[in-house]
Each structure stands twice: as structure tokens, then as C-alpha cells.
Amino acid sequence: MNLIWLGKYKSFFENLSLYTNVYGQAYTVQGFHGTSVPCSLAQIQVLEYILENEEENQKMSEIARRLGLSPSAFSKNIKKMMDKQLLEKYRCSNNRKDIILKASPLGRKVYQEYMNSLWKRQFEKTFAMLDQIPEEYIARFAEILKFNAEAMLVQMDELQNRPAPDTEKKAVTLVKIE
């Protein structure tokens, strides 16, 4: 059967599917990245997001949603990361229910090891290829990926009866959980 509806985008979607499928296989493999503490891509991704958004003091549920992870999968990764001492947990002084995550000194070290390893193996060449594409095309492609991811998130929320996220930001004081 010839999938005519894909038209001139057939090769693009074949390669996108290949990438996402391979990434999916590697996503939970521990120690794939040459770090001193074995981590999965899922854990590195969480660590990266926390480091990149440190000043936001986002709740765990907000981080999970932003990364497109189910609350259950996110919580399991956080437990493993806490066991490895990659993260520190804090509570909001005015709301003991909301937990805020921060990277520990070891978490920062492991992330740097990961980046050093990944740069040579993959991103150096990827960035060189991206440098050949006009920035507005890259930005447009990122919009396309984000649109499709958000559309799938909405559908997943509906299927799993999850409430819409609370996007209101409030100033908080953090108290470390020991």
C-alpha cells in the first residue's frame, strides 16, 4: 500500500519515526552516557530541565508536564535520582504539598560529564549540520515539533482524565527536605 497522504514529507516522517523509536529504546537504559553515576536519558533530561530553569521554582507536576512525562514515570525517575543523590528536594514555606527540585552538586557534575561525552559523540556534528540551515527555518521546525507534542499532550490528558495545568506563578520561599 502506498501512503500517498504523506506525499513529499514521507522521508521526513520516516526519519523522525526512526529517531523517536531509537530514542525510546535508549530512554531508560542506565549508564548509556559515560557518566560517573549511571543515568538514563530520562534522568538526564530531567536534570537538564531543572538546571536550565532553576530560578523558576517549578513544582514537580509542572516539570513533568513540560517534559511530556506522565506523573507516575516522572515520580519514579525522581526517586531514582534522589537515591543517586543527583537532586535535592525543597518545600514551599507556605505550601508543604508542593515540592521543588534542585540539582545537587553531584547532579551538576554528572550533567557536565554527560554533556562533554555527548558533544563529541553526537552534538558537535548535529550543530554543524544545523549551522547550514537558516535560523528562521530551525525556529519554524521547532514550532512544528512543539505544536505536535502539545496536541498529543492534550489528547493524553483527555484520555487519562488529567486536569489542565495551573500556569499562575507565585513567589515562594524554599525549605530543604532532609
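The legends below describe close-up views of a predicted model.

Residues are numbered from 1 along each chain as its sequence is written. In this predicted model local features need pLDDT of at least 70 and side-chain atom pairs count only at pLDDT 80 or more, while totals for chains, interfaces and linings use all residues; side-chain values use heavy atoms, with hydrogens and water left out.

**View 1**
An open sheet of three strands has the order 2-1-3 and antiparallel pairing. Strand 2 (95–103) and strand 3 (174–176) are the edge strands; each has a single partner strand, so one side of each lacks a neighbour in the sheet. From one strand to the next, the twist averages 40 degrees. Helices (H or I, at least four residues) and strands (E, at least two) are DSSP runs, numbered from the N terminus. Two strands are taken to pair if DSSP finds at least two bridges between them. In a regular strand the side chains alternate between the two faces of the sheet.

**View 2. Strand 1 and its bridge partners.**
Strand 1 (residues 87–92) is joined to strand 2 by six bridges, and the two run antiparallel. These strands form a hairpin with two residues between them. Y90 has I100 of strand 2 as its bridge partner, and E88 is paired with K102 of strand 2. Three bridges join strand 1 to strand 3, again in antiparallel fashion. Within this pairing, the bridge partner of C92 is L174 of strand 3.

**View 3. Helix 2 within its surroundings.**
Helix 2 (41–52) has twelve residues and reaches 16 Å from its first C-alpha to its last, close to the 16 Å expected at 1.5 Å a residue. The expected span of a helix is 1.5 Å times one less than its number of residues. Nine of the twelve residues are buried, so helix 2 is largely enclosed by the rest of the structure. Buried means under 20% relative accessible area, exposed means over 50%, and partly exposed lies in between (1.4 Å probe, protein chains only). The buried residues are L41, A42, Q43, I44, V46, L47, Y49, I50 and L51. They pack against helix 1 (10–26), helix 3, helix 4, strand 1, strand 2 and helix 5, where contact means heavy atoms within 4.5 Å. On the sheet, helix 2 touches strand 1 and strand 2, and its direction makes about 100 degrees with that of strand 2. Axes are lines fitted to C-alpha atoms, for helices over the stretch in contact, and angles run from 0 to 180 degrees between N-to-C directions.

**View 4. The bend in helix 5.**
Helix 5 (residues 105–130) has 26 residues, but its end C-alpha atoms are only 32 Å apart, short of the 38 Å that a straight helix would reach at 1.5 Å a residue. Helix 5 bends by about 65 degrees at W119; the bend at a residue is the angle between axes fitted to the seven residues ending there and the seven starting there. G107, V110, Y111, E113, Y114, S117 and L118 are the buried residues of helix 5, and these pack against helix 2. An α-helix has 3.6 residues a turn, so residues three or four places apart point the same way.

**View 5. Y111 and its contacts.**
Y111 lies in helix 5 and counts as buried at 14% relative accessibility. Residues up to four places away in sequence aside, Y111 touches I44, L47, E48 and L51. The C-alpha atoms of Y111 and C39 are separated by 9.7 Å, although the two residues are 72 residues apart along the chain.

**View 6. Two buried cysteines.**
C39 is buried, with a relative accessible area of 1%. C92 also counts as buried, at 5% relative accessibility. A search of the whole structure finds zero disulfides, a disulfide being a pair of cysteine sulfur atoms within 2.5 Å.

**View 7. Positive phi at two loop residues.**
N57 is not a glycine, yet has a positive phi of about 50 degrees. N57 is in the loop between helix 2 and helix 3 (60–67) and is partly exposed, with a relative accessible area of 22%. Q85, also a residue other than glycine, has a positive phi near 65 degrees. Q85 is in the loop between helix 4 (71–83) and strand 1, and is exposed, with a relative accessible area of 55%.
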